[in-house]
Structures are given as C-alpha cells and as structure tokens.
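Hi,

Here is the structure I promised to pass on. Have a look at it first, and my notes come after.

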Amino acid sequence: MIKAVFFDVDGTLLSHTIKRIPQDTVKALHELKARGVKIFLATGRHSTELRELPVNVADFDGYVTLNGQLCLDETGKIAHGDPFGEPVVQKLVSVFREKKYPLAFVEAERFYINYVDDVVREAQRSISTPVPETGTYEGGEIYQAIVFLTREEEAGFRSQLPEECRFTRWCDGGVDIISDQGGKTEGIKYFCDQYDISREEIMAFGDAENDIDMLRYAGIGVAMGNAEDTVRKCADYVTDSVDDGGIRNALKHFQVLN
C-alpha cells in the first residue's frame, strides 16, 4: 500500500510548456490527500524559488529541497539540514572568487551567484526562472552549489573540487553540487522516519538525473514520459509526459487512485 508520494518539480509537476501544474495533476494531488496519502515535493530548488513558482496548489506534508540537503516541514520551516563541511566550503569559495565558471551558492535564506553569462540565462530560462542575483560569500552555511557549464566542461571542473562533492545535472547547462552523502533519497529517508513509512510504501516521480537516486530508492519509481533516457532506464515504470496526464495515469496504473 502506498502511503506517501514524492514529486520532483520541474518537468514532473510543473510543465514549462504551460508554465504551471496541469489541472489533472492538481486534481490528483487533492485526491491523494483525501485518501490519506502524504504528498511531498522533492526538488533541487530553493525555498525562495518555490514561493515564487505556481506550485502551491495543495497542502504538501513536507519539502525535500536542495536535493535533500535541506528539508522543510509542512509550514516551510527548516526541519533537517546537512550543509557542506569546512574543507569543501573553502574550495568552493576559492572557485567562486576565481570566476572562471558561473557558480551559485545556496544558503538557508540566500541564493546568489558570482557572475552571469549566457549559459546561466539559458539554463534558468529552461526552468522558467529568473537568473540569481550576484552576490558575495559572507560566511554562511552552504547547503548546495550550482555550476553553470556544458557537459564537455564538466570533467575539468570536477577535478578542481574535493571527492566529498557529488554532481547531479538538471539541464544541459546546469549542475547541482551537493555532499557525496546527500541526494533526494536522504531527504526522503528523513520524512519516512518521521512518519514511520517504509521505502516499499512510497512512490516517487521524476524526469532528470538528480531524480535517479530517489526513483531507485522508492518502492515504485516512475519516470515521466519527457524524462531523459538515463532516468527512464532506472525507473520501475515510464508514464506519459507532464503535459499528457503522466502523473494521474501512473497513479491509476498502480491503483493508488481510481
């Protein structure tokens, strides 16, 4: 029996074609709540971005943000966090100040970048979001970093950072950097512990590389029809696209909804 469902945001709940959550998906979220199934967002995004996006269409039971590095309760308050350790921060700050690559830092209440170029603009455009404000590091705890570069540039950038960093790409020009112990699965485990739910009792939906770990972990991992090939191969089931009723269709397929 499925007791909780975790949803990625971009390309899963949120359609960047119509710039909102499709109405059939909104209805499915409300039906899940009415049946007593808990619903969670599981995203690489920051809470400030979620407040500005048209995703607050249901009473979510919690939020796995920053790829599991920061979990928020149903009211949006911090419930659990895992910032980078000092050695990783020192190296990231060095790269941030060199300005060889556009690099954004994500703190609990701040989201800023060292500089903006066309790769940044295109990546942010792909997720219907303005570019981050430029800023300077002032000593706060860093939960996630985002580097904007091509796939060809990624290997060279990786070699500059400690092995304690994990990279998850969310579009052709954007890569999230988190702790090697992190990932959406870690945030999911936190909420499962809070509500005494086993991994066999959860379902997860996603479409990008940063969703792979949670799709593998969930009792039922569903890739959207618009998902990347690498994601589809890791899923238990591939549904239709976000614009073609993918979430409702999968929930009906597994008899979570009628």
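Predicted model: local features only at pLDDT ≥ 70, side-chain atom pairs only at ≥ 80, totals over all residues.

Residues are numbered from 1 along each chain as its sequence is written, and side-chain values use heavy atoms, with hydrogens and water left out.

The sheet: six strands form an open sheet of mixed pairing, in the order E8-E7-E6-E9-E11-E10. Strand E8 (133–134) and strand E10 (165–171) are at the edges with a single partner strand each, so one side of each has no neighbour in the sheet. (Helices, H or I of at least four residues, and strands, E of at least two, are DSSP runs numbered from the N terminus; two strands pair if DSSP finds at least two bridges between them.) E7 (residues 111–113) and E8 run parallel, joined by two bridges, and Tyr112 is opposite Glu133 in E8. Helix H5 (residues 151–158) packs on the sheet, touching strands E6, E9, E10 and E11, and its direction makes about 165° with that of E10. Contact here means heavy atoms within 4.5 Å; axes are lines fitted to C-alpha atoms, for helices over the stretch in contact, with angles from 0 to 180 degrees between N-to-C directions.

(A pocket is an open set of points on a 1 Å grid over the protein atoms alone, where a 1.4 Å probe fits, with protein on both sides within 12 Å along at least five of seven lines; lining residues have an atom within 4 Å of a point. The volume is the space filled by probe spheres set on the points, which are joined across faces, edges and corners.) Of its 28 lining residues, Asp10, His16, Ile127, Trp170 and Asp207 are the closest to the centre. Helix H4 (118–126) and E10 are the elements that give two or more residues to that lining.

The second largest pocket holds about 250 Å³. Thr48, Phe111, Val131, Pro132 and Glu133 are the closest to its centre among 14 lining residues. H2 (47–52) gives the largest share of this lining, three residues.

The helix pair: H1 (residues 23–34) and H9 (residues 246–253) pack at about 40°, with axes 8 Å apart.
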